[in-house]
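Me: I'd like a close look at one strand in this protein, with its partners and its surroundings. Can you walk me through it?

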Amino acid sequence: MEAARQLLCLVISMGVLGAAVGARPPAMYVFGDSTLDVGNNNYLAGAGVSRANRPYYGIDFPLRIPTGSKEHGIREQPSGLPVAGTNPQPSCCHRSQQWCQLCNAGISIPLRKQVEYFSRTKARMVATLGSGSAVNALLARSVFLIGVGSNDLFAFAAAEQAQNRSAAEDVADFFTSLISNYSAAITELHAMGARRFAIINVGLLGCVPTVRVLDPAAGGACADGLNQLAAGFDGVLEASLAAGKLPGLVYSLADSYGLTVATFADPQASGYTDIAGACCGSGRLNAETDCVPNATLCANRDQLVFWDRYHPSQRAAFLTAQAFYNGPAQYTKPINFMQLAAQTS
């Protein structure tokens with residue numbers, strides 16, 4: 001979930017490349033938000049940047065060292081696979097909203113800028129190898145993981161609420177702008193040689209701990225309006241991908257929203273005792289403050305869906321990775337991540 005939003009946490013990497021012997025992609029390139037960030041935010045300047053380079057982040061890492069990843073433990077990654085990221089954060093696509101000032105202020109890096117950074121990375125690869133065709137061949141066999149949109153939806157909903165608006169035309173315009181920028185990013189990456197795309201939709205945003213405590217009168221319930229906004233965007237994203245006609249492009253669309261709905265309907269089946277609160281934080285549902293050194297820390301981290309008030313626990317990330325890699329067919333379409341990794345053309 002991205003702020004709890006795509007439970008994902010670069011997690012998918014898990015197997016997205018342990019696929020068929022002899023068909024293993026040479027690398028995975030990651031574009032997204034804080035659920036995919038492994039610590040690149042440490043390199044962003046400014047006091048307003050959200051960071052995780054302090055306890056209790058990393059408490060379950062070897063030596064209990066925080067790395068900047070907004071996790072308490074290890075994100076599943078393919079053994080021996082080079083993973084390249086681009087300072088993930090919101091895509092900030094909707095040009096007419098005030099919250100895009102966050103991107104302009106350097107607090108986050110929009111998707112278009114992440115793609116621009118990758119273009120520079122490719123140029124260095126070509127300079128190092130001395131062959132553009134060799135780099136293109138490598139990129140064509142690599143996996144490009146994208147997970148964006150949640151932060152945009154959060155910010156859009158907040159802006160609408162602040163202006164006491166909920167007009168359908170606002171939502172339609174927002175979706176159009178968001179998908180336009182999403183499609184442009186994929187098209188640019190394709191032009192640079194990318195062919196295999198693992199894409200994660202937006203999760204159950206209204207059930208993130210920090211959202212549950214926004215309205216004291218709601219008693220910790222999910223925010224249905226935000227969930228409906230996420231579901232609407234996911235439908236538009238799916239339709240856009242299905243209509244795409246870029247030559248040679250193969251994709252797997254992972255359904256974070258559907259997986260979360262199923263998990264919350266029967267949490268005990270996944271070993272959870274708490275699907276609402278955060279493990280690290282304070283206040284109601286442990287979700288009124290960030291995870292800081294003097295926060296309240298739960299002892300049963302594997303029994304909670306959420307690690308902090310925005311992000312998933314290590315177990316949630318692991319189960320998500322399993323579902324998207326080769327889990328039940330309803331959580332990925334038209335193929336799963338394992339099949340994507342095994343593509344030969």
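Reply: Let's start with the pairing: strand β1 (residues 28–32) runs parallel to β3, with five bridges joining them. Strands here are DSSP runs of E, at least two residues long, helices are runs of H or I of at least four, and both are numbered from the N terminus; a pair needs at least two DSSP bridges between the strands. Within that pairing, M28 has V143 of β3 as its bridge partner. β3 also pairs in the parallel sense with strand β4 (residues 196–200), this time over four bridges, and there F144 is bridged to F197 of β4.

A word on the model: it's predicted, so local features need pLDDT of at least 70 and side-chain atom pairs pLDDT 80 or more, while totals for chains, interfaces and linings use all residues. Numbering runs from 1 along each chain as its sequence is written, and side-chain values use heavy atoms, without hydrogens or water.

Now the side chains. In a regular strand they alternate between the two faces of the sheet. In β3, V143, L145 and G147 point one way and F144 and I146 the other, and all are buried, meaning under 20% relative accessible area with a 1.4 Å probe, counting protein chains only (exposed is over 50%, partly exposed in between). Because five of the five residues of β3 (residues 143–147) are buried, the strand is largely enclosed by the rest of the structure.

Zooming out, the protein chain has 10 helices and 10 strands, and 52% of its 345 residues count as buried.
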